[in-house]
Amino acid sequence: NGEPKEMMQKIRREGMRWQIISMLDKARPITSHERFILDVIRGIYPDATEVEVRQHLDYLADRRLVELVKQPSGAWFADLTRLGVDIAEYTIDCQPGIARPEKYWEG
């Protein structure tokens, strides 16, 4: 039965997406290079890969939460969009697919 493994993959995937949003929010207004994002993510998920981070950046870009610039050299750069900032700041609801923690404080 692959359910526990699938659940762990879901937790990892959604958690990593939240960590990327949170990290990009803290980096604002600086645009973040994918290598920096990967280094930060590896502090939480030591076995994270470049492909995995790119998949999550692509997903977040598809949801209009992140703006990606994919340079001809192959490097990717990311910034939060207005919606991404709103998700990070808890000013709008977070749809499924991102493991944003519940807000436990006031204000």
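Among contacts between residues at least 6 apart in sequence, 50% join residues at least 24 apart, where contact means heavy atoms within 4.5 Å. The model behind this is predicted: local features need pLDDT of at least 70 and side-chain atom pairs count only at pLDDT 80 or more, while totals for chains, interfaces and linings use all residues. Residues are numbered from 1 along each chain as its sequence is written, and side-chain values use heavy atoms, with hydrogens and water left out.

**Overall build**

- You'll find four helices and three strands here, laid out along the sequence as α-β-α-α-β-β-α. Both kinds of element are DSSP runs numbered from the N terminus (helices: H or I, at least four residues; strands: E, at least two).
- The radius of gyration is 14 Å, close to the 13 Å that the globule rule gives for 107 residues, so the protein is as compact as a globular protein of that length. That radius is taken over C-alpha atoms, and the rule is 2.2 Å times the number of residues to the power 0.38.
- Along the principal axes, the C-alpha atoms fill a box of roughly 40 × 40 × 25 Å.
- Of the 107 residues, 39% count as buried (under 20% relative accessible area; exposed is over 50%, partly exposed in between; 1.4 Å probe, protein chains only).

- Three strands make an open sheet in the order β1-β3-β2, with antiparallel pairing; two strands pair if DSSP finds at least two bridges between them.
- The edges are β1 (32–33) and β2 (66–70), each of which pairs on one side only.
- On one side of β3 (residues 76–80), two bridges tie in β1, and His33 has Phe77 as its bridge partner.
- β2 is joined to β3 by five bridges, with Glu67 standing opposite Asp79.
- β2 and β3 also form a hairpin with five residues between them, and Gly74 in the turn has a positive phi of about 105 degrees.
- Side chains in a regular strand alternate between the two faces of the sheet. In β3, Trp76, Ala78 and Leu80 make up the covered face, while Phe77 and Asp79 are on the uncovered one.

**Helix α1 and its packing**

- Helix α1 (residues 3–27) lies across β1, β2 and β3, running at about 80 degrees to β3. Axes are lines fitted to C-alpha atoms, for helices over the stretch in contact, and angles run from 0 to 180 degrees between N-to-C directions.
- α1 also packs against helix α3 (residues 50–62) at an angle of about 70 degrees, with the axes 10 Å apart.
- That makes the two helices, α1 and α3, roughly perpendicular (65 to 115 degrees; under 35 is roughly parallel, over 145 roughly antiparallel, the rest oblique).
- Residues from α1 in this meeting include Arg12, Met16 and Ile20, and those from α3 include Val53, His56 and Leu60.

**Asp86**

- Asp86 is found in helix α4 (residues 82–88) and is buried, with a relative accessible area of 15%.
- Leaving aside neighbours within four places in sequence, Asp86 is in contact with Thr91, Ile92 and Arg100.
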